[in-house]
Amino acid sequence: MLGTVTQATFTPARASNRLAPKALTKKVGMPTTPAPTTSPQTGPPAKPPNQHMRRNPPIAGEAEAIAAAQAGDATSFEILYQMHRRRVYSLCLRMLGNVAEAEDLTQEAFLQLFRKISTFRGDSAFSTWLHRLSVNVVLMHLRKKGLPLVSLEETLEPSQDDGPRKDIGSRDLTLSGSIDRVTLERAVENLPPGYRLVFVLHDVEGYEHNEIATMMSCSIGNSKSQLHKARLRLRELLRTGQRKEAE
Amino acid sequence: MSAPKKTDAENAKCAEFQEHLAELFESGEDPSTYPHLAECENCASLVRDLQYIAQQAKLLMPIHEPSDQVWEKIQHAISEK
């Protein structure tokens with residue numbers, strides 16, 4: 001239940017049985033979830049190493065919640081859930097394109113967080129660490145389902161209908177300035193799974209190609225190629241939508 | 001008003017440019033400065049669109065919200081451990 005938590009302690013990882021049903025006795029009010037604001041800056045901001053870091057700024061109260069959760073405080077674990085649920089769920093949903101699966105894997109990601117939080121040492125931002133954990137949960141799920149992480153269309157000739165085509169000789173609508181967030185989200189949902197994964201990881205989430213290649217067990221060149229094809233396919237999808245609207 | 005039809009030679013130039021477009025994007029070079037684009041509105045439009053898509057994707061924020069059942073299931077799973 002959101003809004004209340006059971007006051008109990010737990011120690012993730014080895015001694016997680018401290019959150020036993022017997023301990024679930026006293027309900028306490030859920031503290032106000034700290035707003036996801038950045039910490040006050042004391043000087044000129046340092047240039048982040050990449051977009052992913054830029055999009056994972058420190059959250060007020062997060063460090064305290066992590067420390068308390070690592071010490072076994074259940075309330076703090078729920079605070080961490082409240083802080084990061086949208087980011088983890090949005091990632092899962094965009095990678096999978098399916099609400100039920102995205103919810104299942106959000107659950108799995110936070111259960112893994114519960115088991116592993118004691119291993120978080122602060123070498124990277126917590127949100128970056130959790131994000132990577134969540135990506136791995138999704139990729140593992142897809143591997144278990146036997147789905148290729150890299151689009152099968154990669155192997156098809158460009159002239160085949162499913163593959164992105166070269167845009168030669170056609171003059172048509174231009175997209176610039178005309179696409180809203182909802183339209184783009186819908187188009188991303190309609191990408192073939194392999195294209196969608198790379199597009200979401202690179203263009204939306206800000207991972208670098210070398211990181212994607214490692215996570216997806218493919219070459220950097222393959223990641224680059226998939227991204228380009230994903231953008232071409234998105235353009236087709238968006239232009240098709242525009243044409244339909246114009247009719 | 002429809003644009004004049006492109007010749008085979010012009011189409012070949014477009015094909016060659018688009019063949020290398022992925023590398024151009026990933027090289028960190030600005031593809032919009034490529035000479036072919038000054039003479040080909042079709043390819044210029046393609047580059048603008050791909051850049052626009054990449055820019056818009058960066059603006060997609062984590063706005064999706066999981067249902068309340070997700071936390072309930074997490075709590076339940078943890079309590080069973």
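**Close-up views of a predicted model**

**View 1. Confidence along chain A of this predicted model.** Helix α4 of chain A (residues 99-116) has the highest confidence in the chain, at a mean pLDDT of 97, whereas strand β2 of chain A (residues 26-29) has the lowest, at 33. Residues 1-49 of chain A have a pLDDT below 50, and this stretch makes 77 contacts in the model beyond near neighbours in sequence. Residues 154-164 of chain A also fall below 50, with 15 contacts beyond near neighbours in sequence. Where pLDDT is low, the predicted coordinates should not be read in detail. Averaged over chain A, the pLDDT is 75, and 66% of the residues score at least 70.

**View 2. Ser217(A) in the loop between α8 and α9 of chain A.** Helix α8 of chain A covers residues 209-216 and helix α9 covers residues 220-246, with Ser217(A) in the loop between them. Ser217(A) is not a glycine, yet its phi is positive, at about 55 degrees. Ser217(A) counts as exposed because it has 11 C-beta neighbours inside 10 Å, and the cut-off for exposed is 12 or fewer.

**View 3. The helices of chain B.** Chain B contains five helices and zero strands, in the pattern α-α-α-α-α along the sequence. The radius of gyration of chain B is 23 Å, well over the 12 Å that the globule rule gives for 81 residues, so chain B is more spread out than a compact globule. Along the principal axes, the C-alpha atoms of chain B fill a box of roughly 70 × 35 × 20 Å. Of the 81 residues of chain B, 30% are counted as buried.

Technical notes
Residues are numbered from 1 along each chain as its sequence is written. Chains are lettered from A and ligands numbered from 1 in the order in which they are written. This is a predicted model: local features need pLDDT of at least 70, side-chain atom pairs count only at pLDDT 80 or more; totals for chains, interfaces and linings use all residues. Helices (H or I, at least four residues) and strands (E, at least two) are DSSP runs, numbered from the N terminus. The radius of gyration is taken over C-alpha atoms; the globule rule is 2.2 Å times the number of residues to the power 0.38. A residue is buried if 20 or more other C-beta atoms lie within 10 Å of its own, exposed if 12 or fewer, and partly exposed in between; C-beta atoms are placed from the backbone. pLDDT is the predictor's confidence in each residue, from 0 to 100. Two residues are in contact if their C-beta atoms, placed from the backbone, lie within 7 Å.
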